[in-house]
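Please keep both open while going through the points.

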Amino acid sequence: VSTQSTGKLPRLQIARIEKDTEIKPSVPEEKIVIHSEQNFFERVKKALKSQEVYENFLRCLVLYTEETLSATDIVHIVVHFIGKFPELFAWFKNYVGYKDAVPTDQARKNRVGELEINYASCKRYGASYRAHPPNYIPPKCMGRTELCKQVLNDVWRSYPCWSEDSTFSGSKKTQYEEYINKCDDERFELDVVIETNLTCIKQLEAVQKKMTKLTPEEVARLRLDNKLGGTSEVIGRQAIKRIYGDKHSGIIDGLKKSPQAVIPIVLKRLKSKDEEWCEARRQFSKIWLEQCKKYHLKSLDHQSVTFKQTDLKSIRSKHLITEIETLYDERMEQLNEKGGPGNGPHLLITHKDHHILEDARTLIIHHLRRQSHLQKEEKTKVKFFLNGFLQDFFFAPRGDFSEDESDEESSEDDETRSRASNKGGTRRSNRKSERPTKSVKVAPVDGEASDAYNLFFTNNQWYVFLRQHQILCERLFQIYTHNTAVVEQELKDRKSRKEPTAQAIKMRQPNPLPVEHYYSHFLSLVKDLLDCSIDQALYEEKLREMFGVNSYVAFTLDKLISHIVRQSHTLATDTSCNQIKNLYLKHRGSGGAGGSLSTSTNRAQQELSYLREAEQLLAEDNLYRTYFHKQGSKLTIELLDGEANDETENEDGGRPGNPDESSTAPDKDTKMDTST
């Protein structure tokens, strides 16, 4: 009798034993009295009836006496022989020293208490562990050493977190991942079919080769088993069933009983199917390759879908105003609870590259010229605002004030070509326009010293524009940063390979555009999208090819620029917005709207006078104090409260200060925006 490592008899043998032992005991159970080992074996032999079953029982006992089986293993085996005779079975268990595990009262209490514990309300560690409650008594563990007591865990319990409770968004597959996985599944299934068919062919060919070495009499007597000459009963059966369908049982019987007649017929059919399926795999491989090329970049992008859904809401004026009002309310609550200074910027924005400001201005004006519903005079006002007032506020070179749009377009094309010719396509020279420009009455700021700053009191409309403009600059800077990283990585990889990996495995066509010109090409793509020259899907695909999964931040630039153009038109044409701008220009000339940081204390009264006039002008609207520091290109925005201004009008907190110094750095209520 062959036994496995667990000491149990084979399944078929046990089934036969159970069938043979389904007999009634010849002696009533209550009258069976066992006086010795000899008496026990006599009773067992008499109870089992069958000599074959009794011999199997003895063989199992031999394994126990040879210490091949433990007491627990032999009891689990013997139960199939004498389990229906309680007296015999009880005597045997007592003889081998086996004791049934009876749970103690304490163990029962622990198990019951463990079932009643609500681990969802217990102390949490990470996403998958909960602590036992303090009154929980763990089960005793015998044999623990001092080291075990030090390192083993008795406090934390594994508490799985299922998909509906999980906050990990990456666990959800996108539709493009499903496409890629579907291609992999189809390729795998077809490979399994072909390999199974080939294995069956090799098995039958081996049998056929063997028959050529046998005599006719031996061939006539040859019979195959369920493995059909191979090592598996499943592979050959599956291959034949896949070809012959419901008639596979007859074919298999024919192979077993008459292999010399059936094998040639089956081999011919199997080889025919092998050629057919191999050709199908070659054709499907082309389709799978196209699908992978089309979806592999999209399948890696897990953020674009959610980003596009939430971004349209985040750039609207209502959301931006609510954002800073929430920061204001939180600061007031902390001020009432803990005290301390209640002034300081709520938002701190850093512009690290002035060229990004120029790119943002170019895109906005490009889209402005395409607005057919605006009159020429309105477009001119907006362009004067973008090219003059806004550039002066950011201490940036002014743009072109030409009113001839055809000249502007040709000038912009020349400038774009000039930028693309520069190394990397990302650094532009500040080329001054040769055309005469109209003057705007803005006084210089102390010769524009290095520590100069501008002070601008604004309303909701101006605040929304500055925030949308900042978001545009931030995203352009992110794309520029990604382009720089791509260039550095490409230069490093060129030393170790001849072509990009994606091209080597035929997942991407060679890109004729050098990586150094990706950013300038990106700006051209944004303009084409604004002009509706390309559709959204093609635009996103081209960005993914250049910048990979980091390109999603630029997918909604057309919507953002459209919002900025509408907001610019409001600022340039609305009466109240023009009054705010004129008030700024008025105090700019008298020194109350900015100057050198080193002489800011000398202008305290002028700035206070500017604040009072702004409060009167914006009595029915939110009032924002906005600073732009030339040093470090930092923009700070603070939402003001009229009553709080009366208390802090003579404090240093109302003056600009140096944004780089810790004394004027924003506190924890200040929202730190990504540098642009």
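The model is a predicted one. Its protein chain has 676 residues, of which 41% are buried, and its secondary structure comes to 25 helices and 9 strands.

**Whole chain**

- Among contacts in the protein chain with a separation of 6 or more, 74% are between residues 24 or more positions apart.

**Helices α10 and α12**

- Helix α10 spans residues 233–244 and helix α12 spans residues 259–300; their axes are 11 Å apart and the helices pack at an angle of about 80°.
- Angles from 65 to 115 degrees count as roughly perpendicular, so α10 is roughly perpendicular to α12.
- On the α10 side, the contact is made by R242, I243 and Y244.
- On the α12 side, these residues meet I265, V266, R269, L270, K273 and W277.
- By class, the residues of this contact are 6 nonpolar and 3 charged, with no polar ones.

- Strand β4 is joined by 4 bridges to strand β8, residues 634–640, and the two run antiparallel.
- One of the pairings involves I349, whose bridge partner in β8 is L635.

**T626 in strand β7**

- T626 is located in strand β7, which runs over residues 623–629.
- The relative accessibility of T626 is 1%, and because buried means under 20%, T626 counts as buried.
- With neighbours within four places in sequence left aside, T626 is in contact with F393, N454, L455, F456, T458, L466, L635, T636 and I637.
- One of these contacts, L635, is also the bridge partner of I349.

**G83 between two helices**

- G83 sits in the loop between α4 (71–82) and α5 (86–96).
- Its relative accessibility is 32%, so G83 counts as partly exposed, the class between buried, under 20%, and exposed, over 50%.
- Not counting residues up to four places away in sequence, G83 touches V78 and F89.

Definitions and conventions
Residues are numbered from 1 along each chain as its sequence is written. This is a predicted model: local features need pLDDT of at least 70, side-chain atom pairs count only at pLDDT 80 or more; totals for chains, interfaces and linings use all residues. Side-chain values use heavy atoms; hydrogens and water are left out. Axes are lines fitted to C-alpha atoms, for helices over the stretch in contact, and angles run from 0 to 180 degrees between N-to-C directions. Angles under 35 degrees count as roughly parallel, over 145 as roughly antiparallel, 65 to 115 as roughly perpendicular and the rest as oblique. Contact means heavy atoms within 4.5 Å. Ala, Val, Leu, Ile, Met, Phe, Trp, Tyr, Cys and Pro count as nonpolar, Asp, Glu, Lys and Arg as charged, and the others, Gly among them, as polar. Buried means under 20% relative accessible area, exposed over 50%, partly exposed in between (1.4 Å probe, protein chains only). Two strands pair if DSSP finds at least two bridges between them.
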